[in-house]
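Hi everyone, thanks for making time.

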Amino acid sequence: MGEVLDREVSGTAAVMEAKWAARLEEEIRRLGITCDPATPARIARYHSLLTEWNTFMNLTGDTDFDSAIDRLYLDSLAPLGIEEAFPEGISLIDVGTGAGFPGLPLAIARPDLQVMLLDSLNKRLKFLAAVVEELGLRNVRLCHARAEDAGRNPQHREQYDRAVARAVAPLPVLCELLLPMVKPGGEMLCYKGPAADDEWQAGQKAAKLVGGGELTKTPVALPTQPEWAHCVVRCPKQQKTPKSYPRKAGTPAKEPLGGYVKPKG
């Protein structure tokens, strides 16, 4: 069950992690997804580390487990139930991973996935490195870079079967940042909320410019949060991205493709 589960965790921490793991196991079963058997215990330990590090580093706004189980962990894992979204053995890059969402829960649940976690802040990567080492995750690598720079780097440009992002940017910005890193024949998957509808037209135009096909939207429901209107926006990579994309760091967000204008307020 992995190194993290073999070591001793003392006192209150062990009790809490066991409680969290039991809850995770129950809710993952309700989601109806297939995960590695060690997933609940590993995510429980991940949450302990997140809580500890968050006391001296701003990683996430709320580490209360009752909130985090839905907002962070189950929300990250739920798209595993979408048919053909994550085929066995694929490579995946999580762009703007922050404290590791959704890439790290995906890597924990699916050891067959080869996951790259990309973020522009080195302090976040130090936290992620600690989690990866603690959990003994051999299928996870880390990259310190801006997405625009990584998208022009031959080590990352069109090297991944999937590129994912969660709560990072509007759709047209995500298309310019993610699709350049996807191999032709691969796919972009963006975790989105109700705002996806307002971003759709500009997102579709942006996708075409950078080698993508038609956007599609798949609703993703959490049994614990039936009122949440979450979805995954998918876009196949149909052809190579023109050399002019992505544009220089900061430009995609300041001047989004597709004529997108951020709503006021």
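At what angle do helix H3 and helix H4 pack, and how far apart are their axes? H3 (residues 39–53) and H4 (residues 65–77) pack at about 125°, with axes 12 Å apart. Axes here are lines fitted to C-alpha atoms, for helices over the stretch in contact, and angles run from 0 to 180 degrees between N-to-C directions. Under 35 degrees counts as roughly parallel, over 145 as roughly antiparallel, 65 to 115 as roughly perpendicular, and the rest as oblique. So H3 and H4 are oblique to each other.

Before I go on: this is a predicted model, where local features need pLDDT of at least 70 and side-chain atom pairs count only at pLDDT 80 or more, while totals for chains, interfaces and linings use all residues. Residues are numbered from 1 along each chain as its sequence is written, and side-chain values use heavy atoms, with hydrogens and water left out.

Back to that helix pair. From H3, Ile43, Tyr46, His47 and Leu50 meet Phe65, Ala68, Leu72, Tyr73 and Leu77 of H4; contact means heavy atoms within 4.5 Å. Helices (H or I, at least four residues) and strands (E, at least two) are DSSP runs, numbered from the N terminus.

Now the strands. S1 covers residues 91–95, and five of its five residues are buried, meaning under 20% relative accessible area, with exposed over 50% and partly exposed in between (1.4 Å probe, protein chains only). Ser91, Ile93 and Val95 point one way, Leu92 and Asp94 the other.

What does S1 pair with? Two strands pair if DSSP finds at least two bridges between them. S1 runs parallel to S2 (residues 114–119), joined by five bridges, and Ile93 sits opposite Met116 of S2. S1 also pairs in the parallel sense with S4 (residues 160–166), over three bridges; there, Leu92 has Arg162 as its bridge partner.

Carry on from S4 and you reach S5. Those two run parallel, with six bridges between them, and Val164 is opposite Leu189 in S5. S5 (residues 182–192) has eight of its 11 residues buried, so it is largely enclosed by the rest of the structure.

On its other pairing, S5 meets S7 (residues 225–236) through six bridges, and here the strands run antiparallel. Cys190 stands opposite Val233 in S7.

That's my tour, so over to you for questions.
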